[in-house]
Amino acid sequence: MRTKSVLFLLIFSLTSSLLWAKPSRQYRKFKLKNGLKVVLVSDARLRISSASMSVKIGSLADPPQRMGLAHFLEHMLFLATKKYPRLNSYGEFLKARGGYSNAYTATDHTNYHFQVNHEGLPEALDRFAQFFISPLLDYKYAKREVAAVHSEHQKNIPNDTWRLMQLQRSLLKKGHPATKFHTGCNRTLAGTKEEELRAFFQAYYTAPNMALCVMSSRSLEELEHLVRRIFSPLPSRPPKPFHVSADLLDPVEGYRFIRVLPVKRIRQLHLYFPVQLPADDYLTKTSRLFGMTIGDEGKGSLLSLLKRLGLASSLSAGASRDSRFYGGLRITVGLTQKGLKEYNTVLRLCLAYLEMLKNSPFPLHIWKEMKTLAEISHRYSPPPEGTEAAIGIANFANEYGLKYVEKWDHLFLRPDPRSYRHILQQLQIERALIFLVAKTFPDLPRDKKERWKEEPWYGTQYADEVVKGKDYLALKHLPKVPQLHLPLPNPFLPRRFDLIVERPILILQQKGIRLWYAPDYEFKRPKLALALQMISPTAYASARDFALLRLYVALLLDSLNEYAYPAQMAGLSYRLQANRKGVFLQLSGYSDSVVRFFTMLVKFLKKKEFHPQDFARIKERLVQLLENAPYQQAYLVSRESARKFFYKTYYLPEEILQALRSCERKDVQDFANRFFQKLHIQAIGVGNITAPHLKSLIVSCFNSLKATPLSAKELPVFSRTVLPEGKDLIYRQNLLTNNSCLRIDYQVGKADLKTQVAAELFARAIRSPFYTQMRTRQMLGYIVWSGTYFAKPFQYQVFLIQSGTHSADDLFQRADAFLAALPKLFAKMPPKMFEAIRRGYREDLRKPFHSVAEKAFWWYNVAFERGEDFELIQKKLQILQNITQDEVASLLSKTLAPKTRRRIVFLHNAKQFATKGIDGKQEMEKLCQERRFSP
Ligand SMILES: [Zn+2]
């Protein structure tokens, strides 16, 4: 078993990745005037406030005649203070506010901590601070607390872990502080005088020797204010210097072997090597590599081999800092019966593994895996909180200062092969303690009393010796064990952290209906958005049919108005439109209202009788609208020309108008009947509705229209022109208004995603220079625009200038000169500028949706116009990240270069610049002969 289980981290980080995206934790760190180090953590997600005070002294500092004093003081400190003298009032205060407090004494530090609800934090902090400012250390309770410490020790006595730990200590170099009994008991503490306790407190409990961490949902300002007020009175004496030697064990000629009798029925071989860890181990985590290698359980591991040989059932290993002065590397093998008998083989294999490490390169891949796992665990795990987190931060700050404290739990600054080698060099059998733990030892029976000893504090029975001779020499010259090698790279290390893209699902696909659905987990509102297209080949079968469709939809809207008005007042918004495919409906609002409105609308759709008066009024309005088409803005007229050219079938306003004039009321009725004869519905519903409910809504709509479903073959297709390469097409038309318009369309290419991204990038780069040149410098006109657009299957780049002062021909000349220079201009653009454009585009792609409706209509577009590629944005972002300026530049020059360009220029001249002998209609007919089509 490794000291920290990789598997656990892995599973944890994967399952939680969906829950915790970005930490929004704020830190503030500073030193008070008295020298107290302070780390404040503010995080709105914290469910509880917590604090921890770390004091840089522990049981290593116990006077030899007063073992357990540091621990005893820890107990006494928590009783009462001058300001809050009532015994236990601190504990009661916390308990009443969902909290608790605790403390522990380690070898080199002591930590006090509590947690409490956010509301209780200020008073809890004040009570907590008093323990360090004015503790009563009331001696009338001393007896009671000695008894408490004693019973704590009594509890530990039958525990084999504690027993072995103390035995290991007692076998270290005589007189070293590490050999002492750290917990304390009746025997060591009974006669403690109040002065001893106070002297220890005075010597070490001083602000420069301490660090405080406070974590809360309260703001940093508030926390700083609190801490400054409450902790400034902490005494600031210089702490008594304290140091112990790292030299724990004298080498022997041979190795020290200790047989130990446990309380429980356990069989263990335990290897202990005192080691000096590098001072900056907290930055490099070199020591952790030993747990990851020796404690590995995969292919080539020590445990794997021991298990195969039937010698061991478990193994744990790791190097750790036992105090700031020294560390230790430990290997504990759980032995089988056979392993106990053949413990020498087990020992040899353990040492062979260490030999293998010494002869192998620095395991950089393992270090990198640890770093990755720590980073993703930090990123995707629930943010640490409560006393556990506060303790970690306070101890870190006290030990290593404030610089890296935000990263206290995931700091992997750099790998350190030198320190790794240095630790390995210290692993020598002559400087180790080897323990064999078992109930019986056939080679050393209990009745050989002279060989058995008793550890004084726990009463552990043991027999120690120094093994020399051939058993020792056999360990000095170990043959290489080919089965043992470094852990292999972890194949389960996660590499991808992108979340599954939220997308709708297809819930109905049958002849006549294609329906997508997505519930809303983002906005969490009782709202629903619906987009629905009714497709009929009748809609655009002729100009007259389209005129009738527009009449029909306008009449529907008109008769709906009395109902639509209150619906809109109730927060509902809707759009009903005639388009070339048929009728398009968008509906959004509170789901309940949307469902009711939709049901009513479906009833309306079947209405094919309209009042003659209504018909006349609506027809007149539509005629008027179309009659005005030639008088609208010049750029809108040129847009109509572009559409006429690009689509195989397109009806200009004048063509629809001509057909419309002869339409009668009865024709609308006939048309509606034909329209609903054969139908296909494509729709999406997003939001607060269940899939079955949505399905039944759409199916019943279809059924009530009594239409025959259209087959896939019958669905109308709107083919677009493919422009010939290297050929300029020019279209001319004289306008009735006094504005000219130049419109240039470039077909950039088949619109795969990379072309789309590249086109968007150069369009963004061009936009501003084109505008500056044409509008600001040359002052050609008010409307100057350039941009790119997608129309299946092509990407286009368009330039547009509308002018009241220049002819379209003149505009073209000027624009063309500018466009010719563009590729060079782009290629020379400073990379910094290109990066800024890339960033801007990325921001736009990442923009979140504002509403359920916005999301639904985007998804409608993706489902029905963009090949159902719901990962479109993610893919574009990926391409955007990798595309180079050169790639974009080359697409731009290919788009614009005379040899390769596919271009059509629309010249719409104002009446004052009219070209003589030009008839737009004939021109368009001529032009259309050049076309080829793509579906
Ligand atoms: Zn205790």
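Student: At 27% relative accessibility, does Glu152 count as buried, exposed or partly exposed?

Tutor: Buried means under 20% relative accessible area and exposed over 50%, with partly exposed in between (1.4 Å probe, protein chains only). Glu152 has 27% relative accessibility, so Glu152 counts as partly exposed.

Student: Good start! What kind of model is this, and what limits apply to it?

Tutor: Residues are numbered from 1 along each chain as its sequence is written, and side-chain values use heavy atoms, with hydrogens and water left out. This is a predicted model, in which totals for chains, interfaces and linings use all residues, side-chain atom pairs count only at pLDDT 80 or more, and local features need pLDDT of at least 70.

Student: Which residues coordinate the zinc ion?

Tutor: Donors are N, O and S atoms within 2.8 Å of the metal (3.2 Å for Na, K and Ca); water is not among the atoms, so sites may look incomplete. The zinc ion has its donors at 2.1 to 2.7 Å, and they follow the spacing H-x3-H-x76-E along the chain.

Student: Which geometry does the site of the zinc ion have?

Tutor: Four donors count as tetrahedral if all angles lie between 85 and 135 degrees; four count as square planar and six as octahedral if opposite donors are over 155 degrees apart and all others between 65 and 115; anything else is irregular. Angles among the four donor atoms here run from 52 to 147°, and the site is irregular.

Student: How far apart in sequence are the parts that His75 and Glu152 tie together?

Tutor: Helices (H or I, at least four residues) and strands (E, at least two) are DSSP runs, numbered from the N terminus. His75 is buried, at 15% relative accessibility. Because His75 lies in helix 2 (residues 69–77) and Glu152 in helix 5 (residues 142–156), the pair ties together parts whose separation in sequence is 77 residues.

Student: Which residue of strand 26 is the bridge partner of Ile744?

Tutor: Strand 23 (residues 740–750) and strand 26 (residues 902–909) run antiparallel, joined by six bridges. In strand 26, the partner of Ile744 is Val905.

Notes. Two strands pair if DSSP finds at least two bridges between them.
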